[in-house]
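Visitor: I would like to learn how to read a model such as this one, feature by feature. Could you show me the general idea each time, and then the case at hand?

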Amino acid sequence: MKKSEERLRVINNIKKAIKEGKLNSKVEQNDHIVTIEERNKVILNYDCQKKKLKNKIIYILARKVTNKITNNLNKNTKIVGIENIKNINTGAIITSNHFNKVDNTIIRYMMQKIKKENKFEIVVQETNFFMPGILGWLVRNNKTIPLSINHKYISDNFNPTIKAFLEKKFLY
């Protein structure tokens, strides 16, 4: 299937999901479905806070690669209204309902422009942790926190991680 045909199918899936009120539905073609075994092996044991030395080191490498990719992809990107967020010091939630696998780089780029590139975390749907290749590696090893449907993970890992970030007790 050509990229243009795939894109058109995704756009139609988005329109259908909106019409049906299913705003959190997956709309991409052939998107990964996480199995219970994968969730147990990868998500439930994920080191969200990068407490292990090995994970901290890998994160630093992943961040350097991501910053290079971000800067290359966004060299012609213009952020309109950046003056409205430059002085936010109380925290903020920035959402990206993305259609392209790398469009979150725009948020990274914006955070670089306001000198807060190390002061944000990204919550991603757990299926993103199973992307193949370099993009999947970057998702798993960067400042990302998977959001899972598993209640044990939410209570034992996700919620404490979010709480630590909000209380500013978490630093890489």
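Visitor: In which loop is the place of lysine 115?

Guide: Lysine 115 has its place in the loop between H4 and E1, where helices (H or I, at least four residues) and strands (E, at least two) are DSSP runs, numbered from the N terminus. This is a predicted model, in which local features need pLDDT of at least 70 and side-chain atom pairs count only at pLDDT 80 or more, while totals for chains, interfaces and linings use all residues. Residues are numbered from 1 along each chain as its sequence is written, and side-chain values use heavy atoms, with hydrogens and water left out.

Visitor: Is lysine 115 buried or exposed?

Guide: Buried means under 20% relative accessible area, exposed over 50%, and partly exposed in between (1.4 Å probe, protein chains only). Lysine 115 has a relative accessible area of 67%, so it is exposed.

Visitor: How should I read the backbone angle phi, and which residues take a positive value here?

Guide: Most residues other than glycine have a negative phi, and most peptide bonds are trans. Lysine 115 has a positive phi of about 65° although it is not a glycine, and lysine 50, also not a glycine, has a positive phi of about 50°. Lysine 50 is placed in the loop between H2 and H3, and it counts as buried because its relative accessibility is 4%. Its C-alpha atom is separated by 8.9 Å from that of lysine 143, 93 residues apart along the chain.

Visitor: How many bridges join E1 to E2, and which residues are partners?

Guide: Two strands pair if DSSP finds at least two bridges between them. E1 and strand E2 (residues 144-147) run parallel and are joined by 4 bridges; among the partners, isoleucine 122 has threonine 144 in E2, and glutamine 125 has leucine 147. Together with helix H5 (residues 133-141), E1 and E2 make a right-handed β-α-β unit, right-handed meaning that, with the strands pointing away from the viewer, the path from the first strand over the helix to the second runs clockwise.

Visitor: How many aromatic pairs does the structure hold, and how are they described?

Guide: A pair of aromatic rings is described by the distance of the centres and the angle of the planes. Rings of Phe, Tyr and Trp (its six-membered ring) pair if their centres lie within 6.5 Å; planes under 30 degrees apart count as stacked, over 60 as edge-to-face and the rest as tilted. The structure holds 2 such pairs. Tyrosine 46 and phenylalanine 129 are edge-to-face, at 4.7 Å centre to centre and 90° between the planes. Tyrosine 46 lies in the loop between helix H2 (36-43) and helix H3 (53-73), and phenylalanine 129 in the loop between E1 and H5, so this pair ties together parts that are 83 residues apart in sequence. Tyrosine 153 and phenylalanine 158 form a tilted pair, at 6.4 Å centre to centre and 45° between the planes.
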